[in-house]
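Q: Could you walk me through this one? I'd like to go through it contact by contact.

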Amino acid sequence: MNVPCVKYVGPWASFSGYGEANRNEIMALHTSGVEVTTQYVDYGDVGSDHGESYRIARGLENRPIDYRIKIIHVVPDNYIKYLEPLKYHIGRIFWETDKMPELFVWNANLLDEVWTGSEYHKKALVESGVNRPIYVFPQSVRTENLEPKPFIVPQKKGYTFYSIFQWIERKNPKALLEAYWREFEGEDDVTLMLKVYRMGFSEDQRRMIMEDIVRWKQELGMSHYARVLLFTGLLDREDIWRFHATGNCFVSAHRGEGWGVPQAEAMVLAKPIISTDLGGIHELLSSETARLVKWRRRSLFNMTWVPWYEEDQTWAEVDMEDLKKHMREVFNDSVKARELGHRAQDWVKANLSYLAVGRKLRQRLEEIERRLR
C-alpha cells in the first residue's frame, strides 16, 4: 500500500489555539504513518516550549518528499497565498459562529476540499456558500506519557474550578465569574483559578483584565466574592498540563468553540468539564462524559476588533442558572464528579488520541491518493 505524502502548512510554533491545533494534527498524521513535510507560517507569537509535538513539526520542516497533497491550516482568508500548481489542496477550518465571513468562503472555494471539526460547522460552511466537498474529522490531543505534577498554590483553598482561555468576549469571562461569584457567595472553601491572557502577556494587558474584574464586581455589588486566582503569564506546554493537574474541574462559559482544546486536555487528565454545549468537541460529548450547559442563540457583539466577526453572525448566550447548577452539583459531590472525569478520560483516549484521529485522516488521504494516480 502506498503511503500518503502531504505538506502541512500552518503556524505550528504559535502559542495560540491555532498553533496547538496545528501541532496536534501534524502529530496525528505522523503517528499514523503519513509522510509529512511541514511549512511554517509565522504568526509572530512564538515564545515558549511547546514540547514534543513542536519538536517533531520542526524536524519535519521542508523535508524533500514527493507530496501531491497540501493541508493548509491557517486563517482561511490566507488560503490563496499557499496554493501551488498541480497540488490537491485541503483547508482545515475550525470556526466559532453560525456563519463564515465572505472572504473565508471565497478562499475555501479555491480549494479541492475542506476538513472541519463538527456537523454544526459543516452546516455553517454550506449555508455560508462553501461549495467544495466538506469532511468532518475531530481534532486530536496528546493522551500518552503524561504525569504532570500540580503546582503548589498557597492561596488556593477548597474545591478548585479552573479555566484556560483568551480574555475576549467569545470566551465570556464575565458570565463565568458572575455565575461563580453568585453561586458561592459567602463561601470560603472554593477557588476559581484562571490562566488567561488578553492580546499578550504584558503588565498593561494584565492591568486591563484586572480593571474588568473590578468593574464587574462593582456592578454586582455583593458583600462577599468567592476566591479567584489569576495567572496571566505565558506557560510552556508542560506547565499547561501542570495547570490542568492543579484544578479539580474545568469550566467554560464560552459563546462558541471551533474545537475546544482545553476541554479535551482536561478530559485527558480525568478532570470533569462544565462547558457550553455548542461547537467542536461538544457535539461528540454527552452527559456520560461532560456537564454540558444550556444556551440560547444571540447576535454577536464586542468583537468588531476582529475583521472576521460580523454583526449578522450568531453565537451562544450561556444559561446562567444552568451553569450555576452544574458548578454547585460538582462542588457538592466531588466523588461523582471524579467518576465523570474518568469516563471522559476513557472516551478521549479511545477517540481523540493521535493514532485514533490519524487513522481517520490517513484513510481519507489514501482515497485522495488513489484518485490522483
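Q: How accessible is R242, buried or partly exposed?
A: This is a predicted model, and in it R242 is partly exposed, with a relative accessible area of 27%.

Q: And what does the R242 side chain meet in a salt bridge?
A: The partner is D239, with a distance of 3.9 Å from N to O. Both residues belong to helix α7 (residues 237-246), and because they are three residues apart there, about one helical turn separates them. D239 counts as partly exposed as well, at 21% relative accessibility.

Q: Which residues do salt bridges with shared partners join into one network?
A: That network is made up of E20, R23, R237 and E265.

Q: How many salt bridges are there in the structure?
A: The structure holds 34 of them. One is between E257 and R170, whose closest N and O atoms are 3.1 Å apart. This pair links distant parts of the chain, since E257 sits in the loop between β10 (249-252) and α8 (261-268), while R170 sits in the loop between β7 (159-166) and α5 (173-183), 87 residues apart.

Q: Are E257 and R170 buried or exposed?
A: Both E257 and R170 are buried.

Q: What about D188, which residue does it form a salt bridge with?
A: D188 forms a salt bridge with R227, and the closest N and O atoms are 2.9 Å apart. D188 itself counts as partly exposed, at 39% relative accessibility.

Q: Switching to the strands: which way do the residues of β5 point?
A: From strand β5 (residues 113-116), E113 and W115 point one way and V114 and T116 the other, and all of them are buried. In a regular strand, side chains alternate between the two faces of the sheet.

Q: Now the aromatics, how many pairs does the count come to?
A: The count comes to 23 aromatic pairs. Among them, W95 and F104 form an edge-to-face pair, at 5.3 Å centre to centre and with 70° between the planes. W95 counts as buried at 6% relative accessibility, and F104 is buried with a relative accessible area of 1%.

Q: Why does the F301 and W315 pair count as edge-to-face?
A: Because the planes of F301 and W315 are at 85°, with the ring centres 5.8 Å apart, the pair is edge-to-face, the cut-off for that class being over 60 degrees. The pair links distant parts of the chain, with F301 in the loop between β13 (295-299) and β14 (314-318) and W315 in strand β14, 14 residues apart. F301 is partly exposed, with a relative accessible area of 21%, whereas W315 is buried, with a value of 0%.

Q: Which residues do ring pairs link into a cluster?
A: Ring pairs link Y159, F161, Y180, F184 and F331 into a cluster.

Q: And on the surface, which residues form a nonpolar patch?
A: The patch is formed by I80, L83, L103, W106 and L110, which together have about 440 Å² of accessible area. L83 is found in the loop between β3 (69-72) and β4 (88-92), and L83 is partly exposed, with a relative accessible area of 31%.

Q: Last topic, backbone: what is phi of N62 near?
A: Phi of N62 is near 60°, a positive value in a residue other than glycine. N62 is found in the loop between α2 (52-59) and β3, where N62 counts as exposed at 53% relative accessibility. N145 has a positive phi too, near 55°; N145 lies in the loop between β6 and β7 and is exposed, with a relative accessible area of 70%.

Terms used
Residues numbered from 1 in each chain as written. Predicted model: local features only at pLDDT ≥ 70, side-chain atom pairs only at ≥ 80, totals over all residues. Heavy atoms only, no water. Patch = residues over 30% accessible without salt bridge, like charges linked within 9 Å, V, L, I, M, F, W, Y side chains within 5 Å. Areas by Shrake-Rupley, 256 points an atom, 1.4 Å probe, with all protein chains shown as cover. Salt bridge = Lys/Arg side-chain N within 4 Å of Asp/Glu carboxyl O. Helix = DSSP H or I, 4+ residues; strand = E, 2+ residues; numbered from the N terminus. Buried < 20%, exposed > 50% of the residue type's maximum accessible area, 1.4 Å probe, protein only. Phe/Tyr/Trp six-rings, centres within 6.5 Å; stacked < 30°, edge-to-face > 60°.
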